[in-house]
Amino acid sequence: MPQPDDADTRRAVKPVICYPVETLPQPDMTLYAQARKTLTKTGEVLVPPREAATFAVSAGHFFRITSVEGPQVGDLNLWCRDDLSEKFYSGKTRALHGAHLTTGERMWSGFPHLRPMATITHDTLGWYGIDGFGGSVHDVIGTRCDPYTHALLSDGGQYHHCCHSNLTRAMATSLDVPLAEAEAHVHDVLNVFMCTGFTRDTGQYFMKASPVRPGDYLEFFAEINLMGALSACPGGDCSAEHSSDSAACYPLLVETFAPAQGVLQGWTPPLHNAYDRKHGV
Ligand SMILES: [Zn+2]
């Protein structure tokens with residue numbers, strides 16, 4: 001394509017942040033910090049490698065995803081436990097907070113709800129920042145590894161332990177519904193511990209070995225009653241490939257915690273979105 005005469009001038013226009021977050025309702029991180037000092041463990045589930053597991057967290061409680069045996073990436077889905085049609089909206093979360101999440105940022109639900117489902121209250125990888133390749137951890141870019149893309153890129157190859165399938169099986173078991181019904185609940189994920197970005201020269205989605213080590217964890221405050229599902233990605237630390245059994249893969253631990261009674265006095269779950277849904281009619 002021939003360039004217009006003013007190509008450089010047009011490129012030099014400064015970007016504008018699409019969604020300035022100054023007016024976004026802010027979590028009360030001081031309150032959450034007080035609450036997390038009083039936690040009592042209420043349950044745990046160990047997610048086996050190349051499998052997924054579901055868990056429940058009550059509004060006002062906490063949950064933590066911990067690396068236990070080796071570097072491992074997890075694909076997280078969240079639903080409102082009282083209405084599974086309200087689920088995590090990765091795209092809008094990305095638009096609001098950027099490509100990677102950390103402490104103080106939130107996982108938002110889709111329309112028409114658009115409210116915080118969970119707030120990140122602690123991130124032991126918060127030190128990582130953005131590396132020299134433009135990579136960072138806990139992304140809302142990647143959708144989840146899935147057998148359809150794998151079939152597309154491998155001439156019809158069949159692989160059954162992609163995160164999409166792991167999440168589907170876990171939901172089918174948990175809800176006691178057929179696979180096809182469970183699959184419809186699975187949505188784009190928060191890639192816990194995954195280190196990703198876009199290449200500077202070609203703009204392609206990349207992954208690299210996760211900096212996570214056993215003992216690292218990502219902790220959330222449940223803003224509403226939650227059902228969660230976490231898949232221990234077949235990519236392991238995602239340093240080489242996924243959608244196969246070739247990577248070293250480790251379990252992930254999900255723990256739930258309750259704060260002391262009264263510590264969250266005055267706190268209430270966020271309301272559904274304020275838009276009147278008339279759409280101009
Ligand atoms: Zn995966």
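Student: What makes up the protein in terms of helices and strands?

Tutor: In this predicted model, the protein has 6 helices and 13 strands. Its C-alpha trace spans about 65 × 45 × 45 Å along the principal axes.

Student: How do you know whether the radius of gyration agrees with that of a compact globule?
Tutor: For 281 residues, a compact globule would have a radius of gyration near 19 Å, and the protein has 20 Å, so the two agree.

Student: Why is cysteine 80 called buried?
Tutor: Buried means under 20% relative accessible area. Cysteine 80 has 4% relative accessibility, so cysteine 80 counts as buried. You can find cysteine 80 in strand β4.

Student: Which residues does cysteine 80 touch, leaving out those up to four places away in sequence?
Tutor: Those residues are Glu86, Arg115, Met117, Ile224 and Asn225. Take isoleucine 224: in sequence, cysteine 80 and isoleucine 224 are 144 residues apart, yet their C-alpha atoms are 6.7 Å apart in space.

Student: How many of the contacts join residues at least 24 apart, among those between residues at least 6 apart in sequence?
Tutor: The share is 76%. A contact here means heavy atoms within 4.5 Å.

Student: What makes a group of residues a nonpolar core?
Tutor: The members must be buried residues of nonpolar types such as Leu, Ile and Phe, joined through side-chain atoms within 4.5 Å. The largest such core in this protein has 33 residues, and Phe63, Ile65, Leu76, Leu78, Leu190, Phe220 and Leu226 touch the most other members. Elements giving two or more residues to this core include β3 (62-67), β4 (74-80) and β9 (190-198). The most comes from β9, with 4 residues.

Student: Why might nonpolar side chains be found together?
Tutor: In soluble globular proteins, nonpolar side chains tend to be buried together.

Student: Where do the charges lie on average?
Tutor: There are 21 positive and 31 negative charges, and their mean positions are 5 Å apart.

Methods:
Residues numbered from 1 in each chain as written. Predicted model: local features only at pLDDT ≥ 70, side-chain atom pairs only at ≥ 80, totals over all residues. Heavy atoms only, no water. Rg over C-alpha atoms; globule rule 2.2 N^0.38 Å. Lys, Arg positive; Asp, Glu negative; His and termini not counted. Charge placed at Lys NZ, Arg CZ, Asp CG, Glu CD. Buried < 20%, exposed > 50% of the residue type's maximum accessible area, 1.4 Å probe, protein only.
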